[in-house]
Amino acid sequence: MSTKVPIIENVLKLNDEMALQNREVFQRAGVFVVDLIGAPGAGKTALLELTLRQLKGVMNIGVIVGDPATCRDGDRLAKHSEHIVQVNTGSGCHLDANQVRHAMDKLKLADLDLLIIENVGNLICPVSFNLGQNCKVGMFSVSEGDDKAAKHPNLVVSADLLILNKIDLLPYIPFDLEHFRQDVAHLNRTAPLLEISVARNQATPWLDWLTTSAMQQESSHRIDKHKEKSILRSSS
Amino acid sequence: MHEVSIAESLVELIRRHLPAHQRLIRATVRIGPMHGVVPEAMEMAWNIASTDAGWSGSRLHIVSPPWRLRCVTCGRCWEPVTVDEPCVCGGTHVDILGGDEFQLDSIDVDSTATHRSKKTAKSGRGRQRTYKTGVDHEHQSSDH
């Protein structure tokens, strides 16, 4: 006899539960976490190299970097920070919350102000998997073509911030910037779109966004700590 | 190919809900176009994951709801063919009302049969897989 059992739960509920636990660990450590998603070759690692260089002495930054194979990105980033963990996913096309949990165990989270998770180069699969991040950043580049935002609505809709890199190539590549901007605004009218060129060292809006966001997290962490102490005092 | 991860997650989620000693006949999922799931790839992934779980013969029923948008400018709601379709009023911003669904709706179980556990299903046959499972794909129209 067949019986129907109603469920109505998110398909990736188990991943979401683990992501929530990651989030709690990040929050306790007072570290602001960014999930950086973009296609292979968009310039994610180059952006992180620039970020680690430019914010040295301003904040302590860790990176978890996901790639199907090799430690090349991890090696590049390790020249600028000691807080780098490379994850190889094999045939896996995205990072999930469990992989991040194992990677974050290798980091001294309490020493960090900011953790950036550079996801596997892919505009589709990583988007559905929550990792426990505070913000999701979607990165496109001029050389990919101006239709990529419209073709990848999940990333555009769910991003808290969108980046268009390689704007120095605009004079050389057919890319309708206004059309790209409209596609982004059509689906997401709240996320800022930052137009940058990592190759030209023009990424100030990104650095400003990062420092502001991480500082907000830090101040709320301090407030939480203060509240925690107050509660402990009042209960003792 | 995030379908493999999705199928594995589904198996773990179904395990939580499958009553003891009952056989899974069918799982119904509702996945909107937002998630980029390809039914053919999902079929292969489900066949492998469900057979590994000892649920050979079970089916995955995929309900695909359409995109549903609301124009921020004029409030019109419609089902576009593609999500980049602008509103007829010329409005440039939309809210997504449908198309982002990603849930396990229900499972159908055979309460008269004794379920073969994963351990039993694997023992004796090693890791050999048989593909007797399958996927039903249903495009949901607006009147659903």
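What follows is a set of questions and answers about this model.

Student: Before we start, what kind of model is this, and where do the numbers begin?
Tutor: Residues are numbered from 1 along each chain as its sequence is written, while chains are lettered from A and ligands numbered from 1 in the order in which they are written. Local features need pLDDT of at least 70, side-chain atom pairs count only at pLDDT 80 or more, and totals for chains, interfaces and linings use all residues, because this is a predicted model.

Student: How many helices and strands does chain A have?
Tutor: Helices (H or I, at least four residues) and strands (E, at least two) are DSSP runs here, numbered from the N terminus. On that reading, chain A has eight helices and eight strands.

Student: What share of chain B is buried?
Tutor: Buried means 20 or more other C-beta atoms within 10 Å of a residue's own, exposed means 12 or fewer, and partly exposed is in between, with C-beta atoms placed from the backbone. For chain A, 45% of the 236 residues count as buried. For the 144 residues of chain B, the buried share is 30%.

Student: In what order do the elements of chain B run?
Tutor: Chain B has three helices and seven strands. Read from the N terminus on, the order is α-β-α-β-β-β-β-β-α-β.

Student: Which element gives the largest share of the side of chain B that touches chain A?
Tutor: Contact means C-beta atoms, placed from the backbone, within 7 Å, and 31 residues of chain B are in contact with 31 residues of chain A. Elements of chain B giving two or more residues to that side are helix H1 (3-17), strand S1 (23-31), strand S5 (94-98) and strand S6 (102-110). The largest share, nine residues, comes from S6(B).

Student: How do the residues on that side of chain B divide by type?
Tutor: Ala, Val, Leu, Ile, Met, Phe, Trp, Tyr, Cys and Pro count as nonpolar, Asp, Glu, Lys and Arg as charged, and the others, Gly among them, as polar. The side of chain B that touches chain A then divides into 14 nonpolar, twelve polar and five charged.

Student: Which residue of S6(B) does Ser2(A) stand opposite?
Tutor: Strands pair if DSSP finds at least two bridges between them. Strand S1 (residues 2-10) of chain A and S6(B) run antiparallel and are joined by seven bridges. Opposite Ser2(A) stands Asp110(B).

Student: What about Ile8(A): what is its phi?
Tutor: Ile8(A) sits in strand S1 of chain A, and it is exposed because it has 9 other C-beta atoms within 10 Å. Most residues other than glycine have a negative phi. Ile8(A) is not a glycine, yet its phi is positive, at about 55°.

Student: Is Val142(A) buried or exposed?
Tutor: Val142(A) is in the loop between strand S6 (135-141) and helix H5 (148-151) of chain A. Leaving aside neighbours within four places in sequence, its contacts include Leu164(A), Lys166(A) and Phe175(A). The C-alpha atoms of Val142(A) and Lys166(A), 24 residues apart along the chain, are separated by 5.5 Å. Because it has 23 C-beta neighbours inside 10 Å, Val142(A) counts as buried.

Conventions
Contact = placed C-beta atoms within 7 Å.
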